[in-house]
Amino acid sequence: MTHHLSRADARRIAVHAQLLDRRRPANLHQVVRHLAMLQVDPTAAVAPSADLVLWSRLGSAYERADLRRALAEHTLIELLALIRPAEDIALYRADMDLWAERPGPARAWITANDACRRDILARLEAGGPLPSRDLPDTCAVPWGSTGWTNNRNVTMMLDCMTARGEVAVAGRAGRQRLWDLADRVYPDVPVMPAEQARRVRDERRLRSLGIARARTTQSPVEAWDVGEAGEEAEVDGVKGTWRLDPALLGQPFTGRAALLSPFDRLVHDRTRAVELFEFEYLLEMYKPAAKRRWGYFALPILYRDRLVGKLDATADRKVGVFTVHALHQDVPFSAAMTTAVDAEIADLSNWLGLDLIR
């Protein structure tokens, strides 16, 4: 069966699935379990992305200390720069167990530097959690790369050992990751077979997105597409087929205004944002200032089921101000839209504990 949706219906399904309609979720863990992941990005032009995503769903009831506490207590875990419910490690353990069997330069490099790997395990067992700077580089063969990882041997070793399920991020000291033995961080849960785990990950990803492509842009960390999860759908005016979570059909929708992180899952797939929301967006923090259209860390603006603009704002904690540089309207704001968006800006400023300057 193929479902036929208008663009408006598809957008409302996507917004509802991302917990961005008027019905707020109850708490931090409910949000993370439903979204399946929060991206870790330390850029704090406004606030770190994970905190912004949670504030967008929970509002000012969310306290940033709650996330730090959940990570420290390991009810949430950080895996490959994504925060996940701790019990979800069961969905990745089989892949970790199979990592050593996969051909490639990383496996050969790990084998050549097995003494370094064993040294890291011994040091973490004796004194972990530790930051990477406290783990000496004893690699016999350096990691070669044309990118930023060239000769960053300890960083690459820890990443490979994470993929193997040997070490894990146990917390953070500022921006520094603290490493420990995985068995001290991850819960002892049954390992799900690899193929079953892949299907469950696809199903959970679709539940959090509502509607997505079966195949789309591939990410080296976490897939954006959903395979054969859900049911087939077509969207009026958009080429190709989609996968739909049928549980969201016919759900009542009451929208609201929201300010989103540039890494928010509603907008993270820029092609999907154009196709469903007709919303063009690019994170411009790596562009020269003169070439930016919307700002260094512009926040996408949601109003009901439309992405309607971008907020260019920065938080200066040293002087205690939240400054709005520009509010870019993709469509002319009505009086109701202006009031709702202004209220979100004021709420964000209050949540940050900063004085608002327009």
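Start with helix H6 (residues 105-112) and helix H8 (residues 153-163). In this predicted model, the two helices pack at an angle of about 110 degrees, and their axes lie 11 Å apart. Angles of 65 to 115 degrees count as roughly perpendicular, so H6 is roughly perpendicular to H8.

Now show the side chains at that contact. On H6, select Ala106, Trp109 and Ile110. On H8, select Asn153, Met156, Met157 and Cys160. Colour the contact of H6 with H8 by residue class: 6 residues are nonpolar, 1 is polar and none is charged.

Next, the aromatic rings. The structure holds 6 aromatic pairs. Select one of them, Trp55 and Trp351. This pair is stacked, with 5.9 Å centre to centre and 25 degrees between the planes. Which parts of the chain does the pair link? Trp55 belongs to helix H3 (residues 49-58), and Trp351 to helix H12 (residues 335-352). These are distant parts of the chain, with the two residues 296 apart.

Are Trp55 and Trp351 buried or exposed? Both are buried.

Together with Trp55 and Trp351, Tyr62 forms one aromatic cluster. Arg64 lies over the face of Trp351, 4.8 Å from the ring centre. Trp351 thus has a stacked partner in Trp55 and an arginine, Arg64, over its face.

Last stop: select Arg213 and Trp242. Here the charged end of Arg213 sits over the ring of Trp242, at 3.8 Å from the ring's centre.

Conventions. Residues are numbered from 1 along each chain as its sequence is written. This is a predicted model: local features need pLDDT of at least 70, side-chain atom pairs count only at pLDDT 80 or more; totals for chains, interfaces and linings use all residues. Side-chain values use heavy atoms; hydrogens and water are left out. Rings of Phe, Tyr and Trp (its six-membered ring) pair if their centres lie within 6.5 Å; planes under 30 degrees apart count as stacked, over 60 as edge-to-face and the rest as tilted. Helices (H or I, at least four residues) and strands (E, at least two) are DSSP runs, numbered from the N terminus. Buried means under 20% relative accessible area, exposed over 50%, partly exposed in between (1.4 Å probe, protein chains only). A charge sits over a ring if NZ of Lys or CZ of Arg is within 6 Å of the ring centre and within 35 degrees of the ring normal. Axes are lines fitted to C-alpha atoms, for helices over the stretch in contact, and angles run from 0 to 180 degrees between N-to-C directions. Angles under 35 degrees count as roughly parallel, over 145 as roughly antiparallel, 65 to 115 as roughly perpendicular and the rest as oblique. Contact means heavy atoms within 4.5 Å. Ala, Val, Leu, Ile, Met, Phe, Trp, Tyr, Cys and Pro count as nonpolar, Asp, Glu, Lys and Arg as charged, and the others, Gly among them, as polar.
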